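Dear colleague,

I am passing on the structure below, and after it you will find some notes on one part of it. Please read them with the model open beside you.

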Amino acid sequence: MTQKMCGNNKSPNIMIVVLDAGRPDYLGCYGHRWNQNGISRSITPNIDRIASEGTLFEKATTVAPWTVPSHASMFTGLYPNQHQANWNTLKIKTGIPTIFDIFKERGYHSVACVANDTLIFPCRMFGEQTEIFGLQGRKDPNLSGFVDGFSAKDSNSECVINWFLNWLDKSTCPPKRREDQKTPFIAYLNIYDSHTKYDAPEPFRSQFISPEEDRILKEIGTPFYLHFREMNREIMITPEHISALKSLYTAKMAMIDYHLGRLFERLAKDKILDETILIITSDHGDQLGDHTYPSFHHQFSIYNALTWIPLIWRAPILSGRAPGLIPACPEKIGAGQRIGVPLIQNIDILPTILELCGIKWQSPLKSPGISLSRYILNQNKTPPRPYAIAMYEAPRKFVNWNKQNVNPLYIRNLLAIQDARHKVIFSEDGTEELYDINKDPTEQNNIKNQLPQTVKEFKRIFYEILDEYGGIPEDYQVSDVSYTPEEEAQIKKRFQELGYIE
């Protein structure tokens with residue numbers, strides 16, 4: 001049975017839009033401006049408009065700096081050590097439901113349009129009953145699906161949004177039989193163009209990439225493999241490389257925003273937008289010259305360039321949907337709010353959706369996630385937790401055959417903990433870093449020697465937090481994960497195509 005929690009007796013739809021490798025500082029609503037011929041403008045007006053109608057969290061972070069563990073945390077409200085979807089496992093631990101399982105049990109239509117199909121297999125992100133459009137899960141032969149997994153014309157943001165709009169037309173959901181159909185949906189859109197595999201087509205390429213930068217990009221070849229060349233000490237990435245890569249990234253973000261505009265326009269036209277809790281976020285950021293080794297891509301690092309994520313909520317009329325929480329609300333909750341509170345993380349997304357929908361649900365494991373509803377309702381200004389953490393497990397088994405060529409910096413497990421001012425990064429090789437993230441948000445000045453006791457105390461607290469939430473399995477190994485040789489070959493091939501391994 002679906003919940004009846006709103007004035008028109010319908011539960012809200014849920015839509016989660018994830019910009020894979022999407023950096024907040026390339027969105028206009030987070031302050032980015034494109035300067036050309038003396039004119040400064042935002043390249044993301046459509047995302048900006050959604051932010052102006054909702055709530056934008058300025059300092060949200062992910063608990064893991066790459067796709068699989070970050071998505072698993074987003075969809076379960078658990079830390080990576082709890083759900084255990086990491087390099088050595090690559091799927092969520094048996095018995096842990098995701099948001100799609102929870103809402104499917106409550107009668108929701110469930111759909112995922114996935115440009116990164118590793119989330120389909122082996123990661124088990126979407127449960128057993130979600131309609132999935134992607135390489136492995138394509139349901140409708142009339143819809144354009146993947147050709148080789150990453151065909152620019154068949155798996156970019158235009159295609160992903162078309163998958164969803166076609167599903168909307170052909171499903172029993174609104175607007176097809178809108179007047180008599182009360183079944184809400186939960187939808188996930190995986191927007192992958194900002195990932196390094198994709199190029200920027202026209203008209204975006206020539207609009208944002210200069211002729212000289214275009215020459216450099218052609219000289220580089222596929223940026224997709226550039227971080228391997230750096231990892232294996234085959235190339236030193238120059239400032240000119242980074243400038244060209246930044247322009248390419250800008251062009252792709254502009255293209256993503258253009259196609260998201262089509263989605264938002266259609267949802268508004270069909271009167272679906274104001275019945276939908278819309279979340280725009282990313283799973284992680286990307287290195288674009290912020291640091292040296294690694295200077296590019298989003299592996300082997302846990303700096304702010306990777307952990308800082310956009311988090312934008314647009315909620316419909318929610319009066320009465322969570323008794324005691326929302327006694328009276330404006331027409332659009334949180335319209336135009338910017339929340340600068342620190343220590344908000346992507347593990348908070350699931351409990352927030354559940355509370356806004358008035359759904360009580362108990363995780364099988366103790367969840368560190370905290371509902372952000374009171375921030376959206378402008379009822380809270382204090383951080384939800386005293387410390388935020390993140391963890392990265394290096395893909396050792398995938399680089400072992402080339403280990404002698406790989407810079408050791410690329411094969412370390414990394415752990416991070418921060419409070420409202422300081423962030424500590426440490427690893428198993430004894431490396432320690434401490435940053436004043438208020439004065440030094442790009443983490444350029446390691447001040448660990450100035451505050452050694454802070455480093456020691458933060459490390460102690462990190463392990464206390466993980467002891468409370470399941471501990472760290474040795475090397476993240478778990479006993480319930482096994483793959484056939486054929487499945488292992490398939491997994492390896494997909495991660496090579498994704499650019500995570502050679």
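How many bridges join strand β15 to β16? Strand β15 (residues 422–427) is joined to β16 by five bridges, and the two run antiparallel. This is a predicted model, in which local features need pLDDT of at least 70 and side-chain atom pairs count only at pLDDT 80 or more, while totals for chains, interfaces and linings use all residues. Residues are numbered from 1 along each chain as its sequence is written, and side-chain values use heavy atoms, with hydrogens and water left out.

Strands here are DSSP runs (E, at least two residues), numbered from the N terminus, and two of them pair if DSSP finds at least two bridges between them.

Four strands make up an open sheet in the order β13-β14-β15-β16, with antiparallel pairing. Because β13 (388–392) and β16 (432–436) stand at the edges with a single partner strand each, one side of each is left without a neighbour in the sheet.

On its other flank, β15 pairs with β14 (residues 414–418), again over five bridges in the antiparallel sense, and a hairpin of three residues joins β14 to β15. Val424 in β15 is the bridge partner of Ile417, and its partner in β16 is Leu434, whereas Phe426 stands opposite Glu432 in β16. The hairpin between β15 and β16 has four residues between the strands, and Gly430 in the turn has a positive phi of about 95 degrees.

Six of the six residues of β15 are buried, so the strand is largely enclosed by the rest of the structure; buried means under 20% relative accessible area (1.4 Å probe, protein chains only). His422, Val424 and Phe426 point one way, and Lys423, Ile425 and Ser427 the other way.

With best wishes

Terms used
Buried < 20%, exposed > 50% of the residue type's maximum accessible area, 1.4 Å probe, protein only.
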